[in-house]
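Good morning, and thank you for making time for this presentation.

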Amino acid sequence: MTSTHTQLPYEYYSLPFCLPKNRTFIYKSENLGEVLRGDRIVNTPYEVQMAESVNCRLLCHSPKNPINWNEEDSQKVASRIRHEYFVHLLVDNLPCATKIVNPETSEIQYEHGYRLGGLDGGSIYINNHLKLVLLYHTHNEETYRVVGFEVEAMSIDYTQLTFSDDDTCSFPDHPKRQLVNEQSGTRLFFTYSVEWRKSEVSWASRWDIYLGMSDVQIHWFSIINSLVVVFFLSGILTMIMVRTLRRDIARYNADEGPDEAIEETGWKLVHGDVFRPPKYSRVFAAVIGSGIQIFFMALITIFFAMLGMLSPASRGALMTAAIFLYVFMGLIAGYFSARLYKTMKGREWKRAAFLTATLYPALVFGTCIFLNFFIWGKHSSGAVPFGTMLSLLCMWFGISLPLVYLGYYFGFRKQPFQHPVRTNQIPRQVPDQLWYMNPLLR
């Protein structure tokens, strides 16, 4: 269950729903990305047979024994409904979607999952009846493939249901809603129906409904025209700046007289101090190396995502790929950080390598652990398990740290970067700032 208001996912059985038969919970093995996202895939008591429709069936308990939620359970369910939580079901690895039709434009849109409930004035109701609409495609007369999964959620008061001898149920066309009573508890039934519909959507295109855009009126001509203008103006400005800088750099590197130096104004006054090594060169090299590591990780991840190699059918694959790429990009981070550190006349490359490998990950890992305590306190499935933390630590110190040291070893043996202008031996004196120019007052 997820919500856009709290950003805290919860496991399906965190609420008192119907339990599977014999109370046997079967959790699907998940990858690293799914665990970090808070996905917990578990079996449910819904029974769905291929191409067999069901009119109305009781999910659990018996017609004479409805579910009784106490005050605590009712308050927990009501709190989730107020925060607009959505429940996500899966059939054949395909997530459910709720169809929404705009009455004015007749445009069809889809929401991921189905709403747990809603508000009716000052009352809260729960969607306790699900109509599972399954779309199938027939490759031949014997092969059926699920190509769509829609859910129509309804709220039906338990007094509106009538049961027959074969455990089937029925309800009127406009039933009264099942309200959640937070003061005295709630009595209710959970029911469901299954409807199979034939579809012309092929197996390869069944994810298009989740990836499609709701607004397809894209003004491609305006976008291309704007991009051409931006690139053209950027090219002209780049040519002007490069020619100007080349002329200034050539003059700076030549022997210039005192009169020429006096004529300089603005940023040109500090051209001889720009490439002076900073005070904390190790920290500067570590920050630049971490930025290069993140840049290459994002670039490669976006490239493979554009090629369609990270399919939405593999939940968590994008995050898993990003984490592994970040770990292995430690080699590139160490190489460029070492060359920069050597350019700044650094000597203690081993300490600089350790700082590059630990500065940014330590900040992120420490922040995540701090926030994880609050998520644990909320009993959310988004809390990272202790075993997953150990796995991340092993990847950090077992793969990323040695690769950063290896990159530093090769990078420090290379020649340092060449500065375009010479650095003055005597630093330029910085005038004292007035009191109102203090950074704290800006």
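Helices H1, H7, H9 (349-377) and H10 (386-413) each contribute at least two residues to the lining of the second largest pocket. Please keep in mind throughout that this is a predicted model.

Which helix gives the most to this lining? That is H9, which supplies nine residues. In total, 30 residues line the second largest pocket, and those nearest its centre are Leu36, Ile323, Val364, Cys368 and Leu392. The volume of this pocket is about 830 Å³.

The protein chain is divided into domain 1, residues 2-210, and domain 2, residues 280-420. In the contact between them, domain 1 takes part with 19 residues and domain 2 with 20 residues. The centres of the two domains, taken over C-alpha atoms, are 41 Å apart.

I turn now to the largest pocket. Its volume is about 1200 Å³. There are 41 residues in its lining, and His88, Leu89, Leu90, Pro95 and Arg315 lie nearest its centre. The elements that provide two or more residues here are helix H1 (32-37), strand S4 (90-91), helix H3 (208-211) and helix H7 (317-328). Of the elements, H7 provides the largest share, namely three residues.

By class, we find 24 nonpolar, ten polar and seven charged residues around the largest pocket.

How many cavities of 30 Å³ or more does the structure hold? There is one, and the space inside the largest cavity comes to about 70 Å³. Its lining consists of 13 residues, with Tyr12, Phe17, Tyr46, Tyr114 and Phe190 nearest the centre. Nine of the lining residues are nonpolar and four are polar, while none is charged.

Let us next look at the strands, starting with a hairpin. Strand S9, residues 117-120, runs antiparallel to strand S10, residues 123-126, and four bridges join them. Leucine 119 faces isoleucine 124 across this pair. Two residues separate the strands of this hairpin, and glycine 121 in the turn has a positive phi of about 70°.

Strand S11 covers residues 129-140 and strand S12 covers residues 143-154; their pairing is antiparallel, over eleven bridges. Within this pair, valine 146 in S12 is the bridge partner of tyrosine 136. Elsewhere in the pair, lysine 131 lies opposite glutamate 152 of S12.

Strand S11 has another partner as well. In which sense does S11 run with strand S16, parallel or antiparallel? The two strands run parallel, and eight bridges join S11 to S16, which covers residues 191-198. One of the pairings here is that of leucine 130 with tyrosine 192 in S16.

Finally, let me relate the helices to the database annotation. An unreviewed UniProt entry places the feature "transmembrane region" at residues 220-242, 283-310, 316-341, 353-377 and 389-412. Residues 353-377 are 100% helix and 0% strand, with their end C-alpha atoms 37 Å apart. Residues 389-412 are likewise 100% helix and 0% strand, and here the end C-alpha atoms lie 32 Å apart.

Let me close by returning to the pocket with which we began. Thank you for your attention.

Terms used:
Residues are numbered from 1 along each chain as its sequence is written. This is a predicted model: local features need pLDDT of at least 70, side-chain atom pairs count only at pLDDT 80 or more; totals for chains, interfaces and linings use all residues. Side-chain values use heavy atoms; hydrogens and water are left out. UniProt positions are given in the numbering used here, feature names are shortened, and annotations may be inferred rather than shown by experiment. Two strands pair if DSSP finds at least two bridges between them. On a 1 Å grid over the protein atoms alone, a cavity is a set of points where a 1.4 Å probe fits but cannot get out, and a pocket is an open set with protein on both sides within 12 Å along at least five of seven lines; lining residues have an atom within 4 Å of a point. Grid points are joined across faces, edges and corners, and a volume is the space filled by probe spheres set on the points. Ala, Val, Leu, Ile, Met, Phe, Trp, Tyr, Cys and Pro count as nonpolar, Asp, Glu, Lys and Arg as charged, and the others, Gly among them, as polar. Domain bounds come from an automatic or database domain assignment. Contact means heavy atoms within 4.5 Å.
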